[in-house]
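Here is a short report on a protein fold.

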Amino acid sequence: MGLGAPLTTAPTPGRRIPNEPSPPLAPTATDSRHSEAYYEVKGTIFGALIEAIDLAQLAKLDAESAREEIRDIVNEIVAIKNVVMSISEQEELLDDICNDVLGYGPLEPLLARDDIADIMVNGSGTTYIEVMGKIQKTGIRFRDNQQLLNICQRIVSQIGRRVDESSPICDARLPDGSRVNVIVPPLSIDGPALTIRKFKKDKLTLEQLVRYGTITHEGAEILKVIGRSRVNTIVSGGTGSGKTTLLNCLTQFIDDDERIITCEDAAELQLQQPHVVRLETRPPNLEGEGQVTMRDLVRNCLRMRPERIIVGEVRGPEAFDLLQAMNTGHDGSMGTLHANNPREGLSRLESMITMGGFSLPSRTIREMVCGSVDVVVQVARLRDGSRKITHITEVMGMEGDVVITQDLFVYDLMGEDAKGNLIGRHRSTGIGRPRFWDRARYYGEEKRLAAALDAAEAVSSELGKS
């Protein structure tokens with residue numbers, strides 16, 4: 001006898017799910033997938049399944065065995081309840097119910113697609129996705145807000161967090177590293193709001209960014225030198241501009257023998273080096289105790305003999321501790337922050353330190369920023385959905401009370417084509433000897449740096465003539 005108890009429910013009059021026009025055999029994520037009758041029948045069968053199945057026994061099975069057991073019981077329920085449906089409809093129903101019990105319900109087909117960058121669920125009836133930088137509405141819906149809330153709780157509980165009325169906001173992650181944000185009633189008025197920033201299964205590399213036009217080959221070579229030469233780097237950009245993706249790309253050029261410690265709110269970075277320690281913040285518990293902040297993590301990792309410290313996102317007083325780490329022997333440390341251009345990014349660092357309650361003179365903070373940060377890499381998502389590295393900027397020092405920067409690479413917008421795609425070009429500013437030249441020479445990278453700068457200048461000269 002399987003996991004289900006004997007089913008003795010009396011047959012009910014046969015129901016027919018309207019199938020005119022019949023649903024496609026392989027619906028896409030953007031189809032309006034089913035009628036109300038389908039969801040009504042699915043709810044009835046799902047309720048009978050929950051009554052019939054032994055969830056404790058089900059939890060002991062592996063995913064494939066559990067799926068087969070559920071399929072057997074659902075087929076039995078369909079036969080007993082005399083539900084009339086086509087083979088394709090029954091297969092879809094089986095997949096949907098298996099996803100509800102074992103996975104993330106209606107989100108499963110979206111999570112399986114590798115071309116989706118973001119999934120945005122606004123209550124049970126509305127789901128949007130971002131594909132190729134453009135937001136589009138899908139036909140995916142949930143049975144009700146309770147099903148959506150259950151799926152949200154299933155996601156966050158996997159990393160030991162919770163989301164409910166007493167703690168209605170939560171950051172979490174999926175097993176593949178995709179970032180998740182959940183906000184539920186009473187703060188979210190129209191039902192739970194779930195946002196998933198998906199990661200591609202195949203991790204992007206700098207070479208792929210070159211192919212996509214995010215940066216030129218010469219610019220990518222300079223970024224490789226920056227990664228290998230242990231240059232302190234801040235990646236700056238707006239929401240969804242690709243900061244974490246670029247940070248992942250830069251970390252590919254860290255040597256395998258370096259000890260790296262990452263600090264994040266929700267662990268997203270996926271470093272390939274063997275000697276990596278990943279740290280994650282913790283929210284307070286029900287009593288309001290036990291919170292571990294980003295600043296606690298950054299301060300603690302200074303005692304863990306790191307060679308590089310990588311902060312997933314700098315958004316508060318931890319900026320002070322990161323700058324101190326950069327300035328005290330942890331060369332090559334990196335972090336991301338939200339800003340629209342490199343100079344604004346440096347100003348934001350100053351603001352975050354001030355917000356942390358440090359009563360330091362403004363000039364002292366700027367001197368600390370100048371002495372710690374070597375390079376700011378600016379990324380942007382343009383209005384046509386494309387993502388570009390718009391600046392590679394050095395921090396030179398101070399003149400009086402003003403921080404001096406110089407651009408090595410900039411992206412110039414030229415116009416747009418007939419399809420609305422923006423046209424632009426990456427341009428070298430002609431700097432032949434950047435400030436980190438001596439550091440590149442120390443790590444044996446000066447020839448690569450010189451070749452990349454010369455090639456970039458040659459390409460810019462050719463473009464200037466044309």
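The largest nonpolar core has 36 residues, and Leu223, Leu246, Ile392 and Phe436 touch the most other members. Such a core is a set of buried Ala, Val, Leu, Ile, Met, Phe, Trp, Tyr and Cys residues joined through side-chain atoms within 4.5 Å. Buried means under 20% relative accessible area, with a 1.4 Å probe and protein chains only. The elements that each supply at least two residues of this core include helix H9 (243-251), strand E14 (375-381) and helix H15 (446-465). H8 gives the most, with five residues. Leucine 223 touches Leu206, Leu246, Leu250, Val377, Ile389 and Ile392, leaving aside residues up to four places away in sequence. Contact here means heavy atoms within 4.5 Å. Another core, of 32 residues, lies apart from it and has Ala325, Leu337, Ile353 and Cys370 among its members.

This is a predicted model: local features need pLDDT of at least 70, side-chain atom pairs count only at pLDDT 80 or more, and totals for chains, interfaces and linings use all residues. Residues are numbered from 1 along each chain as its sequence is written, and side-chain values use heavy atoms, with hydrogens and water left out.

The protein has 15 helices and 17 strands. These are DSSP runs numbered from the N terminus: helices are H or I of at least four residues, strands E of at least two. Buried residues make up 48% of the 466 residues.

Helix H12 (residues 342-355) has 14 residues and should span 20 Å at 1.5 Å a residue; its end C-alpha atoms are 20 Å apart, which agrees. The expected span is 1.5 Å times one less than the number of residues. Its buried residues are Pro342, Gly345, Leu346, Leu349, Glu350, Met352 and Ile353. They cover an arc of only 160 degrees around the axis, which puts them on the same side of H12. The arc is that of the directions from the helix axis to the C-beta atoms. Glycine 357 follows H12, with a positive phi near 90 degrees.

Nine strands form an open sheet with mixed pairing, in the order E11-E10-E12-E13-E9-E14-E15-E16-E17. Two strands pair if DSSP finds at least two bridges between them. E11 and E17 stand at the edges with a single partner strand each, so one side of each is left without a neighbour in the sheet.

| Edge strand | Residues |
|---|---|
| E11 | 276-280 |
| E17 | 422-428 |

Strand E10 (residues 260-264) pairs with E11 in the parallel sense over five bridges. Isoleucine 261 stands opposite valine 277 in E11.

Technical notes. Buried means under 20% relative accessible area, exposed over 50%, partly exposed in between (1.4 Å probe, protein chains only).
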